[in-house]
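Take a look at the structure below. The report then walks through a pair of strands, a helix and the nonpolar cores.

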Amino acid sequence: DVLVVVQCRFNSRRLPGKALAPIAGVTMLEFLLRRLAPCTARPGVVLVVATTELEDDDRVAECAAALGVPVVRGATDDVLSRYVQCIRVHPARSVIRVTADNPLTCPETLDRAMDRLNETEADYLSVDGLPYGAAVDCFRAGVLAALDGKPLDPAEREHINLHILNHSDRYRVERLRAPDEVNFPRLRLTVDTAEDHQFVASLFSESETEPWTIPLKEAITRARRSCGMGLWRPFAQWA
């Protein structure tokens with residue numbers, strides 16, 4: 001029913017190799033996959049890693065395979081085609097997009113998004129209000145297949161929700177608000193730079209045995225404490 005796709009590539013632009021950078025004693029990709037593993041206990045949910053066919057991404061594929069997570073490899077710069085390829089290999093009605101540079105993506109958020117998508121007939125659903133780097137969005141699989149057949153520009157093929165957002169009048173769009181306890185949209189928890197990686201890694205101690213199970217609420221508390229009530233970077237401040 002639901003395909004949870006973690007898009008990941010080794011050669012990221014700003015921080016090459018970040019998917020395999022260490023967080024709490026494991027690679028960032030392993031941290032995320034272990035964090036999302038409980039979602040697959042739900043009937044009909046499959047977790048898959050979508051990466052490229054580049055040799056550098058052999059390590060990404062090996063990391064996923066070692067955890068028993070299926071891997072689909074496709075085009076380097078055409079992210080949309082990778083998603084469509086995932087749907088062909090693992091047919092599903094809905095697709096949840098997760099990016100590997102967001103290690104604190106919340107499994108409970110995925111569950112809420114799945115429930116809401118099932119309740120509605122939305123083509124696209126986003127979860128609003130979560131920290132930057134903790135949100136997810138959902139697509140009807142048929143919508144992604146239809147997008148693949150459109151003459152999209154490269155940016156719309158790289159950011160697979162962009163065309164929908166630019167033409168929201170043509171799609172059934174649903175927005176799910178994050179609960180108040182985790183509604184901190186100005187807090188930055190993504191890993192896009194070396195500074196980001198250092199910050200997220202600093203939220204964990206060596207004594208934690210399963211750090212990937214941290215509730216998002218606790219991660220937010222630690223982040224706020226670490227960055228002095230939000231004064232981390234200009235776009236990471238909150239009111």
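## Paired strands

Strand β7 (residues 124-128) runs parallel to β9, and five bridges pair the two. One of the residues involved is V127, whose bridge partner in β9 is L176. Keep in mind that this is a predicted model.

Now follow the side chains along β9, which spans residues 173-177. They alternate. E174 and L176 point to one face and are buried.

## A helix with one buried face

Helix α4 covers residues 107-119, 13 residues in total. From first C-alpha to last it reaches 19 Å. That is close to the 18 Å expected at 1.5 Å a residue.

Which residues of α4 are buried? They are P107, T109, L110, A113, M114 and L117. Seen down the axis of α4, these buried residues fall within an arc of 150 degrees, so they line one face of the helix. An α-helix has 3.6 residues a turn, so residues three or four places apart point the same way.

The largest nonpolar core holds 57 residues. V6, I96 and L104 touch the most other members. Helix α1 (residues 28-36) gives this core its largest share, six residues. Apart from this core lies another, of 23 residues, including L3, A50, C86 and I164.

Leaving aside residues up to four places away in sequence, its contacts include F31, R35, L189, F204 and L216. G133 and A134 are also among them.

Note on methods. Residues numbered from 1 in each chain as written. Predicted model: local features only at pLDDT ≥ 70, side-chain atom pairs only at ≥ 80, totals over all residues. Heavy atoms only, no water. Buried < 20%, exposed > 50% of the residue type's maximum accessible area, 1.4 Å probe, protein only. Helix = DSSP H or I, 4+ residues; strand = E, 2+ residues; numbered from the N terminus. Pairing = 2+ DSSP bridges. Expected span 1.5 Å × (residues − 1). Arc of directions from axis to C-beta. Core = buried A, V, L, I, M, F, W, Y, C linked by side-chain atoms within 4.5 Å. Contact = heavy atoms within 4.5 Å.
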